[in-house]
Amino acid sequence: MFGYLLKKLVVILPTFFGVTLVAFVFIRTLPGDPVMLMAGERGLSPERHAELMKEMGFDKPILIQYGLYLKQLAGGDFGTSIITKQPVLKEFATLFPATVELSLCAIFIAVFIGLPAGMIAATRRGSVFDHTVMTGALTGYSMPIFWWGLLLIIFFSGILGWTPVSGRISLMYFFEPVTGFMLVDSLLSGQPGAFSSAVSHLILPASVLGTHPMAVIARQTRSAMLEVLSEDYVRTARAKGLGPQRVIGLHALRNAMIPVITVIGLQIGVLCAGAILTETIFSWPGVGKWMVDSIFRRDYPAVQGGLLLIAAIVMVINLLVDLLYGLINPQIRHTE
Amino acid sequence: MKKSRKLIAALCGASLLLASASAWAAPKTLVFCSEGSPEGFNPAFYTAGTTFDASSRALFDKLTAFKRGTTEIEPGLAEKWDISADGLEYTFHLRKGVKFHTTANFKPTRDFNADDVIFTFMRQFDKNHPYHKVGGAKYEYFNSMSMPDLIKEIVKVDDYTVKFVLKRQEAPMIANLAMDFASVHSAEYADKMMKAGTPDKVDFEPVGTGPFQFVAYQKDAVIRYQANPNYWRGKTPVDNLVFAITPDPSVRYQKLKANECQVMFNPNPADLEAMKKDPVVNLLQKEGLNVAYLAYNTSIAPFDNPKVRKALNMAINKQAILEAVYQGSGKIAKNPIPPTIWSYNDAVVDDAYDPATAKKMLADAGVKDLKMKVWAMPVQRPYMPNARRTAEMIQADFAAVGVTVEIVSYEWAEYLKRSKEKDRDGAVILGWTGDNGDPDNFLAVLLGCDAVGNANRAQWCHKPFDELIQKAKVTADPAERTKLYQQAQVIFKDQAPWATIGHSVVFQPVRKEVVDFRIDPFGGNIFYGVDLK
């Protein structure tokens with residue numbers, strides 16, 4: 001196990017290095033530069049343009065810039081945003097908990113509904129329930145987030161008035177963030193009603209962001225279950241007289257879970273992409289929106305730092321998923 | 001800061017509790033659905049309206065000011081000013097008894113005075129000023145208004161008198177000093193922070209003299225202000241102001257409907273019809289201080305011939321563009337400045353839409369089978385809701401007179417860069433929103449000889465026109481300046497470096513409870529004086 005972990009880490013390091021290069025080159029290959037965008041329609045003289053680029057260090061040959069950047073990174077410095085003049089790491093740390101909170105709730109909703117739906121659909125293959133779930137999954141899978149989010153807002157907030165339109169908590173609650181997770185902070189604040197306000201603000205965005213993974217999980221669970229249910233050991237278990245709950249819940253599900261866990265792990269990456277749109281619609285102060293803004297402003301340090309941090313997190317999650325396989329099914333041995 | 005924020009939080013919490021206990025004492029909170037996060041809180045560093053709304057327009061004052069909802073100048077922190085006969089010396093007499101905000105980490109010991117004005121401008125002007133490099137600031141607006149070349153020195157005459165000495169005459173100077181970059185900061189606060197080793201705080205935890213004072217900011221979520229009880233113009237009617245940062249325009253509208261905010265910015269054009277009918281919404285509108293244009297490259301044949309440009313102008317059906325692109329709410333532009341700016345020459349006659357004559361004029365000029373490019377911006381701007389659609393309509397119009405148009409577009413930053421190039425191929429759709437309400441800010445910036453290869457997208461340097469606007473720049477008498485600018489507009493129309501397209505109308509939805517919100521011609525959101533019923 002330890003050897004396996006070590007081996008994985010050895011792969012992660014060059015990957016991380018690769019990401020720094022990709023992030024660095026990616027943002028610089030985009031046409032236009034931050035100075036140009038700042039000046040807007042007014043424009044500025046070529047001399048002033050050169051002067052500003054020089055002040056920001058963007059005039060140096062790209063390889064030297066990259067070298068300096070790596071040196072900076074090695075010292076644990078992710079750079080400073082050229083727009084807000086704030087350290088990138090600090091901005092990321094302020095916004096990231098919001099994205100995590102939203103994504104966790106989304107994946108929770110997705111698993112909580114997607115998994116049982118897929119299981120039941122598999123055990124009742126061909127039934128009305130099965131068809132309904134599969135049609136629902138297909139619809140959910142192909143739903144554009146932007147449109148879906150707005151639709152839910154108009155229906156639940158606009159017409160029914162059940163949920164707030166957007167934001168993380170009602171503006172009447174005002175407390176200093178402690179953990180950055182609104183659900184936790186609202187409880188810590190001790191203000192009556194704060195927690196339920198935070199929950200009511202979270203329901204719609206988490207459902208919207210969870211729709212896509214939910215559909216994928218339901219479909220994946222169903223097909224994995226179907227495969228496992230036709231295995232010999234399931235027939236044996238049934239022949240031994242075990243009840244359907246034990247057969248499905250223990251013997252079948254455990255094996256069916258392997259591909260499902262993989263899919264859930266992969267969905268984390270998808271969540272990051274979905275979060276950009278969800279955060280924009282629901283005025284959710286997370287890293288997705290921040291990354292997009294930084295790209296539009298050509299805020300090189302922010303984009304580089306943000307991509308790097310997100311990539312690092314995704315890599316760590318994938319590593320955890322790999323380790324999780326072994327826990328779910330001890331028969332899986334990581335070759336050392 | 002943290003501790004004190006907690007204290008404020010506790011106070012706010014307590015006041016909320018009190019408020020619910022006794023309705024008569026309920027503090028009035030005005031919530032504004034803004035578009036995005038400010039880049040920071042020092043307006044001198046930035047050029048974006050979102051940033052100015054959150055900083056200069058709420059927290060700060062300038063020496064001179066724009067009367068709310070107009071482009072007229074009125075006294076600000078300077079009670080009055082004198083201009084020397086040669087137009088080179090501006091002496092400002094400062095207002096007495098103006099208090100800076102008292103915040104968590106700053107308690108002013110003195111009133112606003114000349115030192116604050118000197119600090120504000122020397123920070124931007126003097127490269128050796130201890131604060132010049134703090135925060136890696138670039139002072140782009142100060143630079144782009146040519147202040148470094150214009151100002152010779154800034155002198156403190158006494159505690160309440162400051163003199164700006166210029167190198168050359170600059171008639172728009174008074175208007176320039178009402179702009180956001182000229183927001184006056186506290187020198188005392190700056191000194192204190194410098195001594196404490198935290199000079200950056202001046203820019204992140206702002207202290208001004210403005211109608212609101214800063215309470216807290218959570219990036220991409222919310223900015224909180226409270227009314228400045230000591231404001232020199234009198235306390236604003238509401239007690240708290242909150243910016244709820246809401247990037248999506250349709251969501252802003254939903255929030256407005258749900259009373260999660262009372263004022264919103266920049267509605268989605270598609271929502272306007274519904275807003276007009278909405279019983280809870282009051283849809284305010286005002287002519288924008290802007291212009292959209294199609295700039296030919298006048299340095300390249302056949303567009304170097306004014307007759308060709310004129311002919312092409314006559315081929316464009318502007319009324320159709322107004323209806324299709326501006327949804328009938330804008331105004332056809334005939335001059336390069338909007339009608340809301342003084343010196344607008346209403347006597348100028350626009351080129352008539354006349355394809356037959358246009359065709360003939362092109363033939364007379366020897367132009368046959370002309371192929372050209374029309375550039376369409378990739379983004380929606382206040383002056384131009386849909387450049388692509390406009391380009392397509394111009395394409396069809398030009399086809400009718402035998403000119404083949406290829407529409408090109410680039411990503412926004414690239415568009416701005418490439419469209420400036422002197423040998424650029426094609427005519428560019430672009431526009432402008434005024435900075436200070438002065439005609440010079442349109443005519444010199446966009447059409448002056450100095451601006452060729454830069455904001456002068458027509459690459460048009462026409463001596464008779466340039467002489468007029470240069471002369472107007474150094475003429476102090478407004479009546480005389482008006483005359484010069486009106487002549488300049490006649491020359492402009494005759495020479496036709498642009499096809500002037502339109503001036504847009506700005507819409508701003510507010511809830512019915514909102515009292516006396518006035519649309520700012522500069523595109524800002526100003527909450528001083530706004531009340532809730």
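Strands β6(B) and β7(B) run antiparallel and are joined by six bridges. Strands here are DSSP E runs of at least two residues, helices are H or I runs of at least four, and both are numbered from the N terminus. Two strands pair if DSSP finds at least two bridges between them. The model is predicted: local features need pLDDT of at least 70, side-chain atom pairs count only at pLDDT 80 or more, and totals for chains, interfaces and linings use all residues. Residues are numbered from 1 along each chain as its sequence is written, while chains are lettered from A and ligands numbered from 1 in the order in which they are written.

A hairpin of two residues links β6(B) to β7(B). Asp158(B) has Thr161(B) in β7(B) as its bridge partner. Thr161(B) also stands opposite His93(B). On that side, β5 (residues 89-94) of chain B runs antiparallel to β7 (residues 161-166) of chain B, with five bridges between them.

These strands belong to an open sheet of four strands. The order is β4-β5-β7-β6 (chain B), and the pairing is antiparallel. β4 (78-83) and β6 (151-158) of chain B each have a single partner strand, so one side of each edge strand is left without a neighbour in the sheet. From one strand to the next, the twist averages 20°. Helix α4 (residues 114-125) of chain B lies across β5, β6 and β7 of chain B. This helix runs at about 165° to β6(B). Axes are lines fitted to C-alpha atoms, for helices over the stretch in contact, and angles run from 0 to 180 degrees between N-to-C directions.

Chain B was assigned three domains: domain 1 (26-56 + 210-280 + 512-533), domain 2 (61-102 + 110-187) and domain 3 (290-506). Such bounds come from an automatic or database domain assignment. The C-alpha centres of domain 1 of chain B and domain 3 of chain B lie 34 Å apart. Five residues from domain 1 of chain B and eight residues from domain 3 of chain B make the contact. Residues are in contact if their C-beta atoms, placed from the backbone, lie within 7 Å. On the domain 1 side, four residues are nonpolar, one is polar and none is charged. Ala, Val, Leu, Ile, Met, Phe, Trp, Tyr, Cys and Pro count as nonpolar, Asp, Glu, Lys and Arg as charged, and the others, Gly among them, as polar.

Chain A has 13 helices and zero strands. Its C-alpha trace spans about 85 × 55 × 40 Å along the principal axes. Of its 336 residues, 38% count as buried, meaning that 20 or more other C-beta atoms, placed from the backbone, lie within 10 Å of a residue's own.

The two chains touch. In this contact, 49 residues of chain B meet 44 residues of chain A. α1(B) gives the most to the chain B side, with seven residues. By class, that side has 20 nonpolar, 12 polar and 17 charged residues.

A nonpolar core is a set of buried Ala, Val, Leu, Ile, Met, Phe, Trp, Tyr and Cys residues joined through C-beta atoms within 7 Å. The largest holds 147 residues, and Tyr293(B), Leu294(B), Ala295(B), Ile429(B) and Leu443(B) touch the most other members. Helix α17 (residues 440-447) of chain B gives the most to this core, with six residues. A second, separate core of 70 residues includes Ala122(A), Met214(A), Ala256(A) and Leu308(A).

Definitions and conventions:
Contact = placed C-beta atoms within 7 Å. Buried ≥ 20, exposed ≤ 12 C-beta atoms within 10 Å, placed from the backbone.
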